[in-house]
Amino acid sequence: MIRMVMADSGNILAIARNELDRLTDLPINIIHQIQDRISVQAAAKMSVLSRAWRYIWSSNPRLIFATGFCTMRLPSKTIDIITAILLQHHGSVKTFSVDISPIDSSQHPVVDRWMLFLSRNGLMNLSVRNEKSVNAPYKLPSYVYNVELEHLVLSNCIFRPPCSFRGFSKLGKLQLSRVSFELDVATSSLWMPSLETLHFTKCSGLRFLNIYAPKLLYLYLVGCGNDPLNLGPFMVCSKLKTFGILEQEVPLNTQDKTMIPTDILHSWPNLNRLILGKCFLKFFRSGTGVDCPPMRLNRLHLTDYDFDGEDQMFALLSILRNSPDLEILSLHMLSQRKNDDMEVDENSSQGPDYGTQQLNNLRTLQINRFHGSRAELLFIKFILASAPLLQKAILLVETSVCESQSLEISKVLMRFPRASPKSEIIYEPWIALAFCRYIEAYKELITVVDDDVVVNGVLRNSDTD
């Protein structure tokens, strides 16, 4: 009996040993991919599994020090751990991501030493986040500009390249948030032949920056109003698919046609997604003779929109008139409205002349912070009557609209004629549930890379489509 038990134990150990060997025998890149899906701490603990696993974690080419890792202990301890990991690492480090927000600016020289080590070890993807606005910006050391980066993410940093810097030749994605550019004449023009995604959020010092990226597909400018980027060099980006410009003034020089919106949009024949703020819309105001060029848009998103603004209505109708392929229209309204404009009257004759325009491909309309004003109701009436393929009209009602008024608005909406027999009106309050739905729709609309960005209070994550 005892012999049988011992034999069974031996079999169990043998089976366990075989299972362990089966995992250990996986290709090293597969093991690294397994470690990529767990925290740095958990990956290091895997070294106790066996002698063969002891140093596997220290050869992982991806080192991701997320915000949770960097903020869960004292900054001095975080610095010591990251430094020790880099010193023990063998092999190349292709991806390095770190949140230096907890680290005082007096310790930035330590971060410089990390960058020096990485610049000598095959770095391709770099992410340095310095999220706290009270922190002093981190100045990227000069040797980083000599690295052949493919993906660069910076937050609250200073971008001051050496005079010999002409651009990152292999860079495919560039995401910059609250980055201050300190450029001279030699470094103001950057050549980035492989760049496909460019995203600026609340950056400064862009006025004299010229980026030449003929392969660019996605361009986003958010909140850079104090120092707007020159859009002229991007007119050669004929492959551009998505353009977003929010919370930013667009300089218009009447002597420089490169800054006229019609010329800019006309130079992007493959543009299919457009995200605009009110500052860009003002160039299409009535009476200027400026009209939107024909486009192949299938998604249009407008922020801080105001139906009472004649210029904005003219701009919207101009874009709709010249975008016959449009499938999704999303409007994020201003949160405050005039009290005297809250009367429900679907028969009012006041409003723009919509004419006989048809939206033959429109499938989804979404209005966030809907108030039910006369101008809004007239617009919805026009959409319902002009979109034969419309499936959903999503109206998220502003919380300032009282319950009785909301009921009256819903009754008016139900009486509007519809060109599409399958159209559905989704009428909900602007609350957490509706807000979450808006976020999901916004994620689909705006495609950027791995970063989260806040636009008009909305968390935006991205894909590269």
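Three strands form an open sheet in the order β4-β6-β8, with parallel pairing; strands are DSSP runs of E of at least two residues, helices are runs of H or I of at least four residues, and both are numbered from the N terminus. Two strands count as paired if DSSP finds at least two bridges between them. β4 and β8 (180-181) stand at the edges with a single partner strand each, so one side of each has no neighbour in the sheet. Strand β6 (residues 157-159) runs parallel to β8 and is joined to β8 by two bridges. I158 has S180 in β8 as its bridge partner.

The model is predicted: local features require pLDDT of at least 70 and side-chain atom pairs count only at pLDDT 80 or more, whereas totals for chains, interfaces and linings use all residues. Residues are numbered from 1 along each chain as its sequence is written, and side-chain values use heavy atoms, with hydrogens and water left out.

The protein chain contains twelve helices and 21 strands. Of its 465 residues, 49% are buried (under 20% relative accessible area, with exposed over 50% and partly exposed in between; 1.4 Å probe, protein chains only). Among contacts (heavy atoms within 4.5 Å) with a separation of 6 or more, 65% link residues 24 or more positions apart. The accessible surface of the protein chain is about 22,100 Å², and carbon and sulfur atoms contribute 53% of it; areas were computed by the Shrake-Rupley method with a 1.4 Å probe, and for residues only the protein chains shown count as cover.

Helix α6 comprises twelve residues (108-119), which at 1.5 Å a residue should span 16 Å; its end C-alpha atoms lie 16 Å apart, in agreement. The expected span is 1.5 Å times one less than the number of residues. The buried residues in α6 are H108, V110, V111, W114, M115 and L118. They cover an arc of only 150 degrees around the axis, which puts them on the same side of α6; the arc is taken from the directions from the helix axis to the C-beta atoms. These buried residues pack against α5 (75-88) and the strands β2 (95-99), β3 (125-129) and β4 (138-139).

With a disulfide defined as a pair of cysteine sulfur atoms within 2.5 Å, the count is zero. C224 is in no disulfide, and the nearest cysteine sulfur, that of C203, is 4.9 Å away. C224 counts as buried because its relative accessibility is 1%. C237 likewise counts as buried, at 1% relative accessibility.
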